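User: Hey, I've got a protein model open and I'm a bit lost. Can you walk me through it?

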Amino acid sequence: MALNLADSPIIAFTILLAVIFTVPPLFERLRLPGLVGLLVAGVILGQNGLKLLNSESETIKLLSDIGKIYLMFVAGLEIDLEQFRKTRNRSIGFGTLTFLVPLIAGIVAGRLFNFSWNSSVLIGSLLASHTLLAYPIVSRLGVVTNEAVTVTIGATIFTDTGALLVLAICVGIHGGDFSALSLVTLLGGLAIYSVVVLFGFDWAGKQFFRRSGDEQSNQFIFILLALFLASVGAQVIGVEKIVGAFLAGLAVNDVLGRSPVKEKVEFIGSALFIPCFFVDMGLLINIPAFLKTLSSIWLTVVIVVALIGSKFIAALLAKLLYRYNWAEMLTMWSLSLPQVAATLAATLVAYQTVNPAGERLINEGVLNSVIVLMLVTAILGPVITARTATLLQVSQSDYETDRLTTWWENAEEQVVDENHEPFTIVVPIYNPQTQRYLIEMAALIGRHESGTIVPLAITKSHVQMDDPQLVIALEESRKRLNLTREISQEFGVEVSPTIRIDDDPALGISRVSREQNASLVVMGWSRTTGLRARLFGSVIDSVFWSSHCPVAVTRLLSSPTTIQRILVPVGDLTRQTIGAVRFSQIVADVNQAEVVLLHVSDRKTPQNLVDKFALQMSEIADKSQLQVKTNIQTIRGDDIARVIIQESQKFDLAVLRSVRYRTAGGLAVSHVTTQVIRELKCSIVLLGEPNS
């Protein structure tokens with residue numbers, strides 16, 4: 001009997017893994033989103049292509065269902081509740097506009113093509129939500145604190161919740177036997193269930209995390225359990241499970257914060273389950289039927305135009321209502337354009353909803369149209385955001401009051417005010433070969449700030465404190481710390497060596513730095529990268545996540561006392577960038593060295609914007625109380641990393657900053673930074689922001 005590849009769970013799963021592994025990178029090389037590649041792969045491997053995968057198989061259904069609820073769960077996690085609280089009223093105002101205007105436009109489009117009122121309202125709800133696909137762009141540009149951006153981010157919670165609420169009602173009506181009483185019952189049940197999930201899961205999560213300590217594996221399982229419990233509970237009360245998943249994401253949002261567990265939860269979803277959902281969406285696309293039906297093509301055009309136009313009108317009304325400028329209005333429009341997470345998940349639910357008469361809530365034409373809409377907006381939105389967000393203004397107070405950009409100023413105040421703790425630098429010691437340069441760097445900064453350095457040796461704990469291996473490890477730690485005392489005395493810096501016995505070296509470092517009220521942590525380099533770092537983390541990863549103060553990770557090729565030229569790549573005006581500038585100025589002041597701020601701009605960027613950025617950086621550099629020679633250098637180039645690497649050949653030290661993106665796992669620095677770190681031939685300092 002011949003083996004049917006589409007019916008074998010193991011073979012189907014293997015094919016899915018192969019697709020997820022190979023296709024997205026190929027499409028990204030073509031400068032197309034990886035999810036487009038997954039959709040195309042689904043079309044090719046489905047019933048209209050090679051027939052290797054079947055959307056009706058139990059394997060595909062299971063993985064796609066998990067991917068669908070995972071997608072909505074992550075959508076809930078991605079909403080920044082803190083940002084929402086800051087601009088709650090305006091976020092609700094813009095959320096109402098960008099929900100109602102597209103909803104009305106979708107209803108009109110549906111009625112125009114003779115869909116029922118229920119289906120038309122459902123189409124409108126599909127257009128009403130939005131996905132913050134361009135968030136990494138505004139994050140990279142440092143304009144997240146601009147009010148227009150904050151309002152748009154906050155509006156997401158309103159649009160997604162509203163769209164899912166309309167979906168729940170439309171699905172219930174389509175099922176038949178739906179009356180005013182059943183509607184009230186559904187809404188009442190959903191309201192009670194929402195309160196139970198949002199407050200109950202939040203309370204339970206905080207209690208569990210407080211009691212579980214640092215057991216990340218148990219915390220990870222708890223979050224997954226919360227996701228699936230909320231999804232099952234939604235089905236029990238007669239609501240689609242993606243509504244429960246979204247509520248679960250909102251509920252554990254505060255619990256997870258920006259912890260490594262959140263990154264691991266999102267990494268598992270983005271690496272496996274969510275791609276399976278996109279492949280399944282591709283399997284459902286019937287290209288021949290779509291091309292043969294002219295009305296479907298016109299339906300697609302109308303839906304795309306209705307979405308783009310209605311989102312523009314909503315942003316324009318917000319501009320008039322809140323007196324935003326054109327750059328802010330266009331950024332709000334472009335941020336609210338992409339239709340991915342809630343739209344696709346709700347579309348699949350609606351397509352799979354069949355009434356007793358065998359009629360689908362939406363037909364194949366709407367399904368295909370929404371997929372085209374997703375492709376268009378997923379490309380158009382980020383492109384417009386990248387162009388308009390560069391024109392946004394960020395309040396000077398937003399970055400001048402941040403811990404990362406003011407720690408050196410606080411240190412100077414502490415020298416004057418005896419009631420404050422002295423400037424303290426914690427230096428973890430674990431590699432004798434790099435120990436000297438590491439202590440020298442800390443000693444230089446400590447001497448400059450009239451502070452204290454705390455060399456720290458972490459010794460792995462044992463069950464029995466008299467274990468011979470522990471005794472040997474403690475003795476080795478003492479020897480290393482004695483050497484640090486000798487080096488520190490050469491620089492005339494007060495030193496306070498410390499030994500810590502701890503199960504987790506990273507948390508041991510963070511705990512000591514908190515106990516010592518440290519102003520800075522200076523660490524040596526670790527080469528733990530890639531998948532292993534994403535799944536299990538590294539010491540640097542965990543210290544970046546848990547530290548209360550800035551962290552400087554160093555790869556020093558020569559003594560810091562010999563540094564004469566320091567390169568600081570600056571791509572945007574953010575608090576983290578300014579922190580890197582200040583750090584480099586302190587190191588330069590010690591050695592009477594020169595600092596060069598390198599700005600690599602796109603060839604298409606207008607010259608006036610380049611000059612404006614250079615002027616802003618010059619003003620920031622001049623505000624320092626240190627008399628350090630600081631120059632601004634601007635270069636036009638498309639390959640930012642290559643320009644930085646080439647220019648760095650003339651420098652002794654490069655000061656970089658870590659950039660953490662929301663959907664990456666573990667410590668995520670930008671692709672540019674990753675390439676630069678790998679290829680730089682000079683010494684490096686990578687600055688990480690405090691988690692707070």
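**A walk through the model**

Analyst: Helices (H or I, at least four residues) and strands (E, at least two) are DSSP runs, numbered from the N terminus. This is a predicted model, where local features need pLDDT of at least 70 and side-chain atom pairs count only at pLDDT 80 or more, while totals for chains, interfaces and linings use all residues. Residues are numbered from 1 along each chain as its sequence is written, and side-chain values use heavy atoms, with hydrogens and water left out.

User: What's the mean pLDDT of the chain?

Analyst: The mean is 78, and 85% of the residues reach 70 or more. pLDDT is the predictor's confidence in each residue, from 0 to 100.

User: And where is confidence lowest and where is it highest?

Analyst: The lowest is helix 23 (residues 530–536), with a mean of 41, and the highest is strand 1 (residues 424–428), at 90. Over residues 528–537 pLDDT stays under 50, and the model has 16 contacts there beyond four places in sequence. Residues 660–670 also stay under 50, with 39 such contacts. Contact means heavy atoms within 4.5 Å. Where pLDDT is low, the predicted coordinates should not be read in detail.

User: Okay, how much of the chain counts as buried?

Analyst: Of its 692 residues, 58% count as buried. The cut-offs go by relative accessible area: buried is under 20%, exposed is over 50%, and partly exposed is in between (1.4 Å probe, protein chains only). The chain exposes about 30,100 Å², with carbon and sulfur atoms supplying 58% of that. Accessible areas come from the Shrake-Rupley method with a 1.4 Å probe, and for residues only the protein chains shown count as cover.

User: What about contacts between residues at least 6 apart in sequence?

Analyst: Among those, 80% join residues at least 24 apart.

User: Let's zoom in. Why is strand 6 largely enclosed?

Analyst: Five of the five residues of strand 6 (residues 551–555) are buried, so the rest of the structure largely encloses it. V551, V553 and R555 point one way, A552 and T554 point the other way, and all are buried.

User: Which strand pairs with strand 6 in the parallel sense?

Analyst: That's strand 5 (residues 520–524), over four bridges. Two strands pair if DSSP finds at least two bridges between them. In this pairing V522 stands opposite A552. Strand 6 is also joined by five bridges to strand 11 (residues 683–688), and those two run antiparallel. There, A552 stands opposite L687.

User: Is T554 buried or exposed, and what is it in contact with?

Analyst: T554 counts as buried because its relative accessibility is 4%. Leaving aside neighbours within four places in sequence, T554 is in contact with L438, V522, M523, G524, W525, I684 and V685.

User: Switching topic: where does G154 lie?

Analyst: G154 lies in helix 8 (residues 147–174). With 0% relative accessibility, G154 counts as buried. Not counting residues up to four places away in sequence, G154 touches F84 and S91. The C-alpha atoms of G154 and N89 are separated by 9.6 Å, and these two are 65 residues apart along the chain.

User: How many salt bridges does the count come to?

Analyst: The count comes to 12, where a salt bridge is a side-chain nitrogen of Lys or Arg within 4 Å of a carboxyl oxygen of Asp or Glu. Side chains of opposite charge can pair when their charged atoms come close.

User: Nice. What does D65 form a salt bridge with?

Analyst: Its partner is K68, with the closest N and O atoms 3.4 Å apart. Both lie in helix 3 (residues 58–78), three residues apart, about one turn of the helix. D65 is partly exposed, with a relative accessible area of 29%, whereas K68 is buried, at 1%.

User: And which residue does K206 pair with?

Analyst: K206 forms a salt bridge with D202, the closest N and O atoms being 3.4 Å apart. They both lie in helix 9 (residues 180–212), four residues apart, about one turn of the helix. K206 is partly exposed, at 37%, and D202 counts as buried, at 17%. Elsewhere, salt bridges that share partners join R500, D502, R511 and E515 into one network.
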